[in-house]
Amino acid sequence: MGSSEKRSKDVMSDIPTFSAENLQNNLKVIQNSRTFLSIIAGVLAGIIGFTGLTGFVFYFVVMLITSVGLMAKAGFSADLYFDSWNRVLFDGFLGGLMSFVLFWTFAYDLVHIF
């Protein structure tokens, strides 16, 4: 009887528990970071003069660097701060694309057209 209680306690200690408030805060930080870097990348792409596919490739490279930076900030142990690695790597990945395109075209127009 003692060994079964011990095994059930071991199983219960293996289940990760998360604070909903901390998880929401961490996800908000990721979303804000990606939005901010999307805007900065859009302005840079517009100033540099990227057009077409090269601009989109630039965005995906910046988002890849952002994902690596967020993982480094989490100490490459996302399971302590998030419920999934996908949250860190892909959450907000395409959401910042609209901000990127907006600021990309705006900066390109200001620098290269006017």
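This section describes the helix packing and the nonpolar cores of a predicted model.

The protein contains five helices and zero strands, so that, in keeping with DSSP runs numbered from the N terminus, its elements read α-α-α-α-α from the N terminus on. The chain has 114 residues, of which 25% count as buried.

The largest nonpolar core has nine residues. Its members are Ala41, Ala45, Phe58, Tyr59, Val62, Met63, Phe93, Phe100 and Trp104. Three helices each supply at least two residues of this core, namely H2 (20–48), H3 (53–73) and H5 (97–113). The most is given by H3, with four residues. Apart from this core lies another, of eight residues, including Leu27, Ile30, Ala78 and Val88.

Once neighbours within four places in sequence are left aside, tryptophan 104 is in contact with Gly42, Ala45, Gly46, Phe50, Thr51, Gly52, Gly55 and Phe56.

For H2 and H3, the axes come within 10 Å and cross at roughly 145°. The crossing of this pair is right-handed. On the H2 side, the residues that meet H3 are Ile30, Ser33, Arg34, Leu37, Ser38, Ala41, Leu44 and Ala45. Their partners in H3 are Phe58, Tyr59, Val62, Met63, Thr66, Ser67 and Leu70. Sorted by class, the contact of H2 with H3 comprises ten nonpolar, four polar and one charged residues.

Not counting residues up to four places away in sequence, threonine 66 touches Arg34 and Leu37. Although threonine 66 and arginine 34 are 32 residues apart in sequence, their C-alpha atoms are 7.2 Å apart in space.

The second pair, H2 and H5, has axes that come within 7 Å and cross at roughly 30°. The two helices are therefore roughly parallel, since angles under 35 degrees fall in that class. H2 passes H5 in a right-handed crossing. From H2, the contact draws on Thr35, Ser38, Ile39, Ala41, Gly42, Val43, Ala45, Gly46, Ile47 and Ile48. From H5, the contributors are Ser99, Phe100, Phe103, Trp104, Ala107, Tyr108, Val111 and His112. These residues divide into twelve nonpolar, six polar and no charged.

Aspartate 109 also lies in helix H5. With a relative accessibility of 31%, aspartate 109 counts as partly exposed. Its C-alpha atom is separated by 9.0 Å from that of isoleucine 47, a residue 62 positions away along the chain. Isoleucine 47 is itself one of the H2 residues that make the contact with H5.

The remaining pair is H3 and H5, which pack at an angle of about 130° with their axes 11 Å apart. This angle makes H3 oblique to H5. As for handedness, the crossing of H3 and H5 is right-handed. Here Gly55, Phe56, Phe58 and Tyr59 in H3 meet Leu97, Phe100, Val101 and Trp104 in H5. By class, the contact of H3 with H5 has seven nonpolar, one polar and no charged residues.

Terms used
Residues numbered from 1 in each chain as written. Predicted model: local features only at pLDDT ≥ 70, side-chain atom pairs only at ≥ 80, totals over all residues. Heavy atoms only, no water. Core = buried A, V, L, I, M, F, W, Y, C linked by side-chain atoms within 4.5 Å. Buried < 20%, exposed > 50% of the residue type's maximum accessible area, 1.4 Å probe, protein only. Contact = heavy atoms within 4.5 Å. Axes fitted to C-alpha atoms, helices over the stretch in contact; angles between N-to-C directions. Parallel < 35°, antiparallel > 145°, perpendicular 65-115°, else oblique. Left-handed = near helix turned anticlockwise from the far one by under 90°. Nonpolar A, V, L, I, M, F, W, Y, C, P; charged D, E, K, R; others polar.
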